[in-house]
Amino acid sequence: MKYCNNCQRWIEPIKRFNWAVFLLGLFLTLGIVSWGYVIYYFFMGGRCPICNSQNWGIPSAKGESGKGRLSTVWMCPNERCEDTSELKEGDICPRCGSAAEDIPILKSIELVNRKVAKRWNKILILGGLILILVFLLLAST
Ligand SMILES: [Zn+2]
Ligand SMILES: [Zn+2]
């Protein structure tokens, strides 16, 4: 069990194997993306089944932090940046240098989803480039 900061509850992290990515990779990139994904899947940690994030923490025992503090999360506000870790007030994103913003939980989930989608786009684009490269190599022989 892990405590999800976003959902404010204990949850069992889950891993979901994305067959669509695996099969598409098989057909479109001769398996290159598929194997990359299998390796990625092997190493990636479980995610919260509710908000799909990896924002683990420890529940605050004392309820003094109740007023609004629990309903926002400090994180990198930059949609184009893949960083989804929780930051502290005044922190700077380790990846893109944006100042952390306190984002309402619901919005932060949306933001994390967009960031994760960005990551996948990058992987798929990379797969496409590799495919083109393979074709060029085949064509030149
Ligand atoms: Zn969650
Ligand atoms: Zn960032």
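These questions and answers go through the fold of one protein chain in a predicted model.

Trainee: What pattern does the protein chain follow, read along the sequence?
Mentor: The model holds 3 helices and 5 strands. Read in sequence order, these elements give the pattern β-β-α-α-β-β-β-α.

Trainee: Why is the protein chain described as more spread out than a compact globule?
Mentor: The C-alpha trace spans about 70 × 30 × 20 Å along its principal axes. For 141 residues the globule rule gives 14 Å, and the protein chain is well over that, so it is more spread out than a compact globule, with a radius of gyration of 19 Å.

Trainee: How many of the residues count as buried, as a percentage?
Mentor: A residue is buried if 20 or more other C-beta atoms lie within 10 Å of its own. Of the 141 residues in the protein chain, the share that counts as buried is 16%.

Trainee: What is the strand order of the open sheet of 3 strands?
Mentor: Strand 1 (residues 2-4) is joined to strand 2 by 3 bridges, and the two run antiparallel. Within this pair, Cys4 stands opposite Arg9 of strand 2. Strand 2 (9-11) and strand 3 (56-57) each pair on one side only, as the edge strands. The order is therefore 2-1-3.

Trainee: Which residue of strand 5 stands opposite Val73?
Mentor: Strand 4 (residues 72-75) pairs with strand 5 (residues 101-104) in the antiparallel sense, over 4 bridges. In a regular strand, side chains alternate between the two faces of the sheet. In strand 4 the uncovered face has Thr72 and Trp74, while the covered face has Met75 and Val73. Opposite Val73 stands Ile103.

Trainee: How many charged residues are in the contact of helix 1 with helix 2?
Mentor: Helix 1 (residues 19-28) packs against helix 2 (residues 32-43) at an angle of about 150°, and their axes are 6 Å apart. Helix 1 brings Val21, Phe22, Gly25 and Leu26 to the contact, and helix 2 brings Ile32, Val33, Ser34 and Tyr37. By class there are 6 nonpolar and 2 polar residues, and the number of charged ones is none.

Trainee: Is Leu124 exposed, partly exposed or buried?
Mentor: Leu124 has its place in helix 3. The C-alpha atoms of Leu124 and Val33 are separated by 7.6 Å, although the two residues are 91 residues apart along the chain. With 16 other C-beta atoms within 10 Å, Leu124 is partly exposed.

Trainee: Which residues are in contact with Ile50, leaving aside neighbours within four places in sequence?
Mentor: Ile50 lies in the loop between helix 2 and strand 3. Ile50 counts as exposed, with 12 C-beta neighbours inside 10 Å. Its C-alpha atom is separated by 9.5 Å from that of Pro13, 37 residues apart along the chain. The contacts of Ile50 are Cys4, Cys7 and Ile11.

Notes. Residues are numbered from 1 along each chain as its sequence is written. Chains are lettered from A and ligands numbered from 1 in the order in which they are written. This is a predicted model: local features need pLDDT of at least 70, side-chain atom pairs count only at pLDDT 80 or more; totals for chains, interfaces and linings use all residues. Axes are lines fitted to C-alpha atoms, for helices over the stretch in contact, and angles run from 0 to 180 degrees between N-to-C directions. Two residues are in contact if their C-beta atoms, placed from the backbone, lie within 7 Å. Ala, Val, Leu, Ile, Met, Phe, Trp, Tyr, Cys and Pro count as nonpolar, Asp, Glu, Lys and Arg as charged, and the others, Gly among them, as polar. The radius of gyration is taken over C-alpha atoms; the globule rule is 2.2 Å times the number of residues to the power 0.38.
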